[in-house]
Amino acid sequence: MPGSNPPSTAILLCNLGTPDAPTAKALRRYLAEFLSDPRVVEIPKLVWWPILHGVVLRVRPAKSAAKYARIWMPEGSPLAVWTAKQAKLLLGYLGQRGHRVVVKVAMRYGNPSIDTALDELKAAGIEHVLVLPLYPQYCAATTATVFDKVAQWGGRQRALPEWRFVNRYHDDAGYIAALAKRIDDHWMAHGEPERLVLSFHGVPERTVRLGDPYQEQCQATARLLRARLRLKAEHILVTFQSRFGKAAWLQPYTEPTLVDLARQGVRRVDVACPGFTTDCLETLEEIDIEARAAFLAAGGTQFHYIPCLNDQHEWMAALAALAMRHLQGWPTGLTAPSTGVLRVDATTPGPRSTIDTDG
């Protein structure tokens with residue numbers, strides 16, 4: 001009987017991670033794992049570890065816990081809540097299209113860990129694993145470290161599943177269309193800003209000089225989104241947030257840019273974060289609370305944060321399409337798709353912004 005056997009193919013949906021609770025103890029545990037990753041902090045261990053354990057992990061956990069407490073949801077950490085919803089929806093979207101697979105959430109740091117998720121997939125008899133990080137733009141500090149962790153798990157196994165790995169989708173048509181739809185929907189409800197700021201997570205400048213394509217892919221996403229929204233170049237800015245330490249990071253920095261805009265007489269800005277597919281500390285606290293306060297204090301009058309893609313239909317359709325492209329040729333228990341379900345192509349052009357007067 002079709003569909004009677006357990007699925008043998010799985011998608012490992014990976015996100016960065018989050019502490020288990022908004023407490024100093026939980027943050028200390030989380031930050032110790034996160035900041036010990038040599039892909040994240042590229043400083044020799046002999047130099048970095050005394051700083052990490054002697055200073056950072058003594059001071060930062062309490063401060064970070066207070067920030068997490070400001071955005072914590074009744075169900076838990078926003079990143080964990082939205083990632084779980086995305087996994088559930090992805091399973092449903094693929095099922096509607098006739099694919100029987102397992103979709104398992106894993107966090108690079110914190111819980112559920114990649115090791116735990118892969119152990120569970122192995123115990124369930126999974127033979128094919130598509131590793132799908134929720135990072136549209138490739139970066140060694142995010143995408144590559146997921147690969148590292150998966151490879152470390154594989155190094156401890158005798159029998160390995162067959163692997164595939166998605167390393168970027170910054171220019172995927174469905175992803176770009178979903179971003180444009182999210183922004184257009186916000187503008188239809190609230191009107192349009194004087195400037196749209198696209199804030200991506202920052203990385204040290206040296207990582208780009210060493211060959212990381214992250215900055216180039218962020219700029220490519222912004223160009224494609226600007227074309228989709230039909231915005232003039234002067235109406236959109238690309239900035240980078242979340243700087244850590246004293247080294248030079250990718251510029252311009254988000255908060256100083258917003259302060260400069262306010263001082264130049266810009267009264268309303270809208271900020272979107274295309275590099276984050278789920279709302280999290282960096283979007284809800286750093287942008288919607290801290291950056292908002294800085295812009296308004298500098299003389300701005302209206303600050304709009306446009307939420308991440310989260311569980312948006314167009315995004316989930318795009319994510320399902322992306323997964324299906326990478327699943328081709330693998331057994332997915334393909335059955336006849338259900339009927340009577342409205343299908344919407346994620347690449348179908350959506351509403352256009354009216355900011356561009358050149359048509």
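**Figure 1. Helix α6 and the elements that cover it.** Helix α6 (residues 173–190) has 18 residues and reaches 26 Å from its first C-alpha to its last, close to the 26 Å expected at 1.5 Å a residue; the expected span is 1.5 Å times one less than the number of residues, and helices (H or I, at least four residues) and strands (E, at least two) are DSSP runs numbered from the N terminus. The model is predicted, and local features need pLDDT of at least 70, side-chain atom pairs count only at pLDDT 80 or more, and totals for chains, interfaces and linings use all residues. Residues are numbered from 1 along each chain as its sequence is written, and side-chain values use heavy atoms, with hydrogens and water left out. Among the buried residues of α6 are Tyr175, Ile176, Leu179, Ile183, His186 and Trp187, where buried means under 20% relative accessible area, exposed over 50%, and partly exposed in between (1.4 Å probe, protein chains only). These buried residues of α6 pack against β5 (195–201), α8 (214–229), β7 (268–272), β8 (302–305) and α12, contact being heavy atoms within 4.5 Å.

Figure 2. The side chains of lysine 181 and aspartate 185 meet in a salt bridge with an N to O distance of 2.9 Å, a salt bridge being a side-chain nitrogen of Lys or Arg within 4 Å of a carboxyl oxygen of Asp or Glu. Because lysine 181 and aspartate 185 are four residues apart in helix α6, about one helical turn separates them. Lysine 181 is partly exposed at a relative accessible area of 22%, and aspartate 185 is partly exposed at 32%. Salt bridges that share partners join Lys181, Asp185 and Glu314 into one network.

**Figure 3. Helix α12 and its packing.** The 15 residues of helix α12 (residues 313–327) should span 21 Å at 1.5 Å a residue, and its end C-alpha atoms are 21 Å apart, which agrees. Glu314 is one of the buried residues of α12, which also include Trp315, Met316, Leu319, Leu322 and Leu327. The buried residues of α12 pack against β1 (9–18), α3 (78–96), β3 (128–133), β4 (162–165) and α6. Beyond the helix comes glycine 329, whose phi is positive, near 90°. Asparagine 310, in the loop between β8 and α12, has a positive phi near 50° although it is a residue other than glycine, and asparagine 310 is buried, with a relative accessible area of 3%.

Figure 4. A search of the whole structure finds one cavity of 30 Å³ or more, and about 70 Å³ of space lies in the largest cavity. On a 1 Å grid over the protein atoms alone, a cavity is a set of points where a 1.4 Å probe fits but cannot get out, and lining residues have an atom within 4 Å of a point; grid points are joined across faces, edges and corners, and a volume is the space filled by probe spheres set on the points. The lining includes Leu179, Arg182, Ile183, Cys273, Phe276, Ile306 and Cys308, and its largest share, three residues, comes from α6. By class the lining has 10 nonpolar, no polar and one charged residues, with Ala, Val, Leu, Ile, Met, Phe, Trp, Tyr, Cys and Pro counted as nonpolar, Asp, Glu, Lys and Arg as charged, and the others, Gly among them, as polar.

**Figure 5. Helix α8 and the residue that follows it.** Helix α8 has 16 residues and reaches 23 Å from its first C-alpha to its last, close to the 22 Å expected at 1.5 Å a residue. Its buried residues include Tyr214, Gln217, Cys218, Leu225, Arg228 and Leu229, and what covers the buried residues of α8 includes α6, β5 and β6 (236–241). Arginine 230 follows α8 and lies in the loop between α8 and β6; its phi is positive, about 60°, although it is not a glycine. Arginine 230 is partly exposed, with a relative accessible area of 40%.

Figure 6. Arginine 39 forms a salt bridge with aspartate 148, the closest N and O atoms being 2.7 Å apart. Arginine 39 lies in the loop between α1 (24–34) and α2 (45–71) and aspartate 148 in helix α5 (residues 140–154), so this pair ties together parts that are 109 residues apart in sequence. Glutamate 290 and lysine 67 meet in a salt bridge at 3.4 Å, N to O. Glutamate 290 lies in helix α11 (residues 286–297) and lysine 67 in helix α2, so the parts tied together by this pair are 223 residues apart in sequence.

Conventions: On a 1 Å grid over the protein atoms alone, a cavity is a set of points where a 1.4 Å probe fits but cannot get out, and a pocket is an open set with protein on both sides within 12 Å along at least five of seven lines; lining residues have an atom within 4 Å of a point.
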